[in-house]
Amino acid sequence: MELTINGRKTAVDDAVIAPEMPLLWVLRDVLELTGTKFGCGVAACGACTVQVDGQATRSCVTPVAAVVGKQIRTIEGLGQPDAPHALQQAWAQHDVPQCGYCQSGMLMAAAALLLKSPNPSDAEIDAAITNLCRCGTYPRVRAAIHTAAALLQSGKKA
Ligand code: FES
Ligand code: FES
């Protein structure tokens, strides 16, 4: 099986995966892309959120066979330490993460929202970001998305 992850074609050995294996397992256990987290396993928390063709997708309930031929983007492909995505710059500016566990999924959901809606309202953010955060970072997530939207619109994205 061949997957396209963060812009790169990635071969996965069919002997070690089954078509119905959740994408999350393939990312973490086979490809060692461990930035995407396991939380609930039942599409309830959003810790495992990645993008599939730009849509926020809960990888714990997405069979790997369903994403063949699609563009998969994980947190490892959102930005780099020397070239952070505008959301990552805004996250740092607002000190969003607390324990950090939910934050990869939050960022991927936020990035998917900004693709669809470059300047989202609070109501749009609340509707789109259904990820759970036990540390209660929701107000800072909202503020950071507004900051990132402004950064992107002013062309200051790194
Ligand atoms: S681990 Fe996928 S939604 Fe919770
Ligand atoms: S930062 Fe701890 S769960 Fe969200």
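**Note on the predicted model**

1. Start with Arg 142. Arg 142 is partly exposed, with a relative accessible area of 26%. Keep in mind that this is a predicted model.

2. Which residue does Arg 142 meet in a salt bridge? The partner is Asp 126, and the N to O distance is 2.9 Å. Asp 126 sits in helix α4 (residues 122–128), while Arg 142 belongs to helix α5 (residues 138–153), so the pair ties together parts 16 residues apart in sequence. Side chains of opposite charge can pair when their charged atoms come close.

3. Asp 126 is partly exposed too, because its relative accessible area of 43% falls between the 20% and 50% cut-offs. How many salt bridges does the structure hold? The count is 1.

4. Now the cysteines. A disulfide is a covalent bond between the sulfur atoms of two cysteines. The structure holds 0 disulfides. Is Cys 48 buried or exposed? Cys 48 is buried, at 3% relative accessible area. Cys 99 counts as exposed, because its relative accessibility is 62% and the cut-off is over 50%.

5. Last, Met 21. Where is Met 21 found? Met 21 lies in the loop between β2 (8–11) and α1 (23–30). Met 21 is buried because its relative accessible area, 17%, is under 20%.

6. What does Met 21 touch, leaving out residues up to four places away in sequence? The contacts are Val 16, Val 26, Thr 62, Pro 63 and Val 64. Cys 60 is 39 residues from Met 21 along the chain, and their C-alpha atoms are separated by 9.1 Å.

How values were computed: Residues numbered from 1 in each chain as written. Chains lettered and ligands numbered in written order. Predicted model: local features only at pLDDT ≥ 70, side-chain atom pairs only at ≥ 80, totals over all residues. Heavy atoms only, no water. Helix = DSSP H or I, 4+ residues; strand = E, 2+ residues; numbered from the N terminus. Buried < 20%, exposed > 50% of the residue type's maximum accessible area, 1.4 Å probe, protein only. Contact = heavy atoms within 4.5 Å. Disulfide = S-S within 2.5 Å. Salt bridge = Lys/Arg side-chain N within 4 Å of Asp/Glu carboxyl O.
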